[in-house]
Amino acid sequence: MTQTSENVTWLTQEAYNKLKNELAHLTGPARTEIAAKIAAAREEGDLRENGGYHAAKEEQGKQELRVRQLTQLLENAQVGEAPASADGAVAPGMVVTIAFDGDEDDTLTFLLASREYASADIETYSPQSPLGAGVIGHKVGEDAEYELPNGKKASVTILKAEPYTS
């Protein structure tokens, strides 16, 4: 899954199905579960000093936020195939290895994708992040620049760009 513009999110069919299943769980069984927790905590008495009730309400708020995020994401999703590496250019949905200032001993490998597709296996950078925006479109062997939070420019060399496989 990767961002292709401000409002459209590109997803593989696998990622789309995974997020759709998570949304179905959150709007079905998970909602019923949290409602039962709130009801049980309410039965315990005074709500002002009821830690279980407040914890359940907080959990409900987080769950509903996730429902809104997933709903918006899926409404704006474009389902398609993962990018091919035929032209060697960096694109969303690719695992990219860069060298800082051309130093091949100082490298970083990351997935260029939306945080929704973040994996515990690999660091993820958004295409809208300074680094992500700086490397998009560059080919293996090319140098790219991006702006650091302090306003200075940093230079990286693209060492590798391959389609992400989960």
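In this predicted model, the side chains of Glu58 and Lys62 form a salt bridge, with N and O 3.4 Å apart. Both residues belong to helix H3, where they stand four residues apart, about one turn of the helix. The protein chain as a whole contains four helices and eight strands.

**Overall layout**

- Read from the N terminus, the order of elements in the protein chain is β-β-α-α-α-β-β-β-β-α-β-β.
- The protein chain has 166 residues, of which 37% count as buried.
- Where contacting residues of the protein chain are at least 6 apart in sequence, 51% of the contacts join residues at least 24 apart.

**Salt bridges**

- The count of salt bridges comes to four, and the pair Glu58 and Lys62 is one of them.
- Glu58 has a relative accessibility of 48% and therefore counts as partly exposed.
- Lys62 counts as exposed because its relative accessibility is 56%, and the cut-off for exposed is over 50%.
- Another salt bridge joins Arg31 to Glu64, with 2.8 Å between the closest N and O atoms.
- This pair connects distant parts of the chain, since Arg31 lies in helix H2 and Glu64 in helix H3, 33 residues apart.
- Arg31 counts as partly exposed, at 33% relative accessibility.
- A salt bridge also links the side chains of Lys37 and Glu59, at 3.3 Å from N to O.
- Because Lys37 lies in helix H2 and Glu59 in helix H3, the pair ties together parts that are 22 residues apart in sequence.
- Both partners count as partly exposed: Lys37 has a relative accessibility of 38%, and Glu59 has one of 36%.

**Helix H1**

- Helix H1 comprises residues 13-27.
- At 1.5 Å a residue, the 15 residues of H1 should span 21 Å, and this agrees with the 21 Å between its end C-alpha atoms.
- The buried residues in H1 are Ala15, Leu19, Leu23 and Leu26.
- Viewed down the axis of H1, these buried residues fall within an arc of 70°, so they line one face of the helix.
- An α-helix has 3.6 residues a turn, so residues three or four places apart point the same way.
- Glu14 and Asn21 are exposed residues on the face of H1 turned away from its buried side.

**Helix H2**

- Helix H2 covers residues 29-43, and its 15 residues should span 21 Å at 1.5 Å a residue; the end C-alpha atoms are 21 Å apart, which agrees.
- In H2, the buried residues are Ala30, Ile34, Ile38 and Ala41.
- Seen down the axis of H2, its buried residues lie within an arc of 70°, so they line one face of the helix.
- These buried residues of H2 pack against helix H1 and helix H3, the latter formed by residues 51-75.
- On the face of H2 turned away from its buried side are the exposed residues Thr32 and Glu43.
- Just after H2, Gly45 adopts a positive phi of about 120°.

**Nonpolar cores**

- The largest nonpolar core has 15 residues, and those touching the most other members are Val90, Val96, Ile98, Phe110, Leu131 and Val135.
- At least two residues of this core come from each of strand S4 (94-100), strand S5 (107-112), helix H4 (130-135), strand S7 (143-147) and strand S8 (153-163).
- Strand S8 gives the most to this core, namely four residues.
- Leaving aside residues up to four places away in sequence, Phe110 touches Met94, Val95, Val96, Ile98, Ile122, Glu123, Tyr125, Leu131 and Val135.
- Another core, of ten residues, lies apart from the largest one, and its members include Leu11, Leu26, Leu70 and Leu74.

Note on methods:
Residues are numbered from 1 along each chain as its sequence is written. This is a predicted model: local features need pLDDT of at least 70, side-chain atom pairs count only at pLDDT 80 or more; totals for chains, interfaces and linings use all residues. Side-chain values use heavy atoms; hydrogens and water are left out. The expected span of a helix is 1.5 Å times one less than its number of residues. Buried means under 20% relative accessible area, exposed over 50%, partly exposed in between (1.4 Å probe, protein chains only). The arc is that of the directions from the helix axis to the C-beta atoms. Contact means heavy atoms within 4.5 Å. A nonpolar core is a set of buried Ala, Val, Leu, Ile, Met, Phe, Trp, Tyr and Cys residues joined through side-chain atoms within 4.5 Å.
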